[in-house]
Amino acid sequence: MLWEDGRRSENIEDRRGISMPGGIAGGGLGVVVIALVAMFFGVDPRLILQEAGQGQVLPDRQQAVPVDPAQDKLKDFVSVVLADTEDTWGEIFEQGGARYERPKLVLFTGAVRSACGLAQSAVGPFYCPGDHRVYIDLDFYRMLEKRFGAPGEFAKAYVVAHEIGHHVQNLLGISGKVRAAMERSSRARANQLSVRQELQADCYAGIWANHANRSRHILQAGDVEAGLNAAAAIGDDRLQMQARGYVAPESFTHGSSAQRVQWFRRGLESGALSACDTFGTGRV
Ligand SMILES: [Zn+2]
């Protein structure tokens, strides 16, 4: 991928280096609560945690953790991809007579507090519709490469673009409708809706790649394959097979490898929102 000369986004929130355990120990409660409240209001919580740390108020489990310097280049890369999604979706929304609201992308280590609750990095990158933020522990990329066998820059970009796809769904009012429908549905039906929503985010990721490449020629030989490989690597069937040795399609929430590849490719080849109507299609 040709990205080094790209614009850097101003919407990265770097919260790496803050250890946030799930269980909160007694002594540090006040500090952590303040830090969390500060997060919701946009104050850098590290300032509070560091200050408290100097006074030795922090219990052992809430110490600051060192940030891996090897992540510097990754952070830079993610910032360029985010900027590129801003430009792409800004144009698409403008063409439709709307304004694209740029989301924040939060980098964190281990665990993070969002409007969607406290999340461990084991859940993988996610988008929280409640605070319009994408959350990524950059360590996920190491896993994507080593454990899921999906190396390459475009694979990494696809992950960001997929989460941004959820933001677009949120802005278009799709997420709200899906959430409401899921609450009225059986478990099986809710899973099907989730799959359609995820496949649409994959398709939107493809739209980003299409536009970015047309306007800025970012793709090089092998990039598309790396993206498709990543989409396949995190299909529900493959993940379930790895985790428990069998596949239960009715429990899918993201779609099979083949479905994820197919919808990503649709967005990539067409570049059009209309190609991504996963809810209006009989079978996905
Ligand atoms: Zn998703």
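The lining of the second largest pocket divides into 5 nonpolar, 4 polar and 3 charged residues, where Ala, Val, Leu, Ile, Met, Phe, Trp, Tyr, Cys and Pro count as nonpolar, Asp, Glu, Lys and Arg as charged, and the others, Gly among them, as polar. You are looking at a predicted model, in which local features need pLDDT of at least 70, side-chain atom pairs count only at pLDDT 80 or more, and totals for chains, interfaces and linings use all residues. Residues are numbered from 1 along each chain as its sequence is written, and side-chain values use heavy atoms, with hydrogens and water left out.

Let's stay with that pocket for a moment. A pocket here is an open set of points on a 1 Å grid over the protein atoms alone, where a 1.4 Å probe fits, with protein on both sides within 12 Å along at least five of seven lines; its lining residues have an atom within 4 Å of a point.

Now turn to the largest pocket, with about 890 Å³ of space. Among its 35 lining residues, Val123, Pro125, Glu163, Glu198 and His254 lie nearest the centre. By class, the lining has 19 nonpolar, 10 polar and 6 charged residues. H5 gives the most, with 6 residues.

Next, follow a helix pair. H8 (residues 223-233) and H10 (residues 257-270) pack at an angle of about 140°, with their axes 7 Å apart; axes are lines fitted to C-alpha atoms over the stretch in contact, and angles run from 0 to 180 degrees between N-to-C directions. Val224, Gly227, Leu228, Ala231 and Ala232 in H8 meet Ser257, Arg260, Val261, Phe264, Arg265 and Leu268 in H10, contact meaning heavy atoms within 4.5 Å. These residues divide into 7 nonpolar, 2 polar and 2 charged.

Finally, step back to the whole chain. It has 10 helices and 6 strands, which are DSSP runs (H or I, at least four residues, for helices; E, at least two, for strands) numbered from the N terminus. Of its 284 residues, 50% count as buried, that is, under 20% relative accessible area with a 1.4 Å probe and protein chains only.

Methods: Grid points are joined across faces, edges and corners, and a volume is the space filled by probe spheres set on the points.
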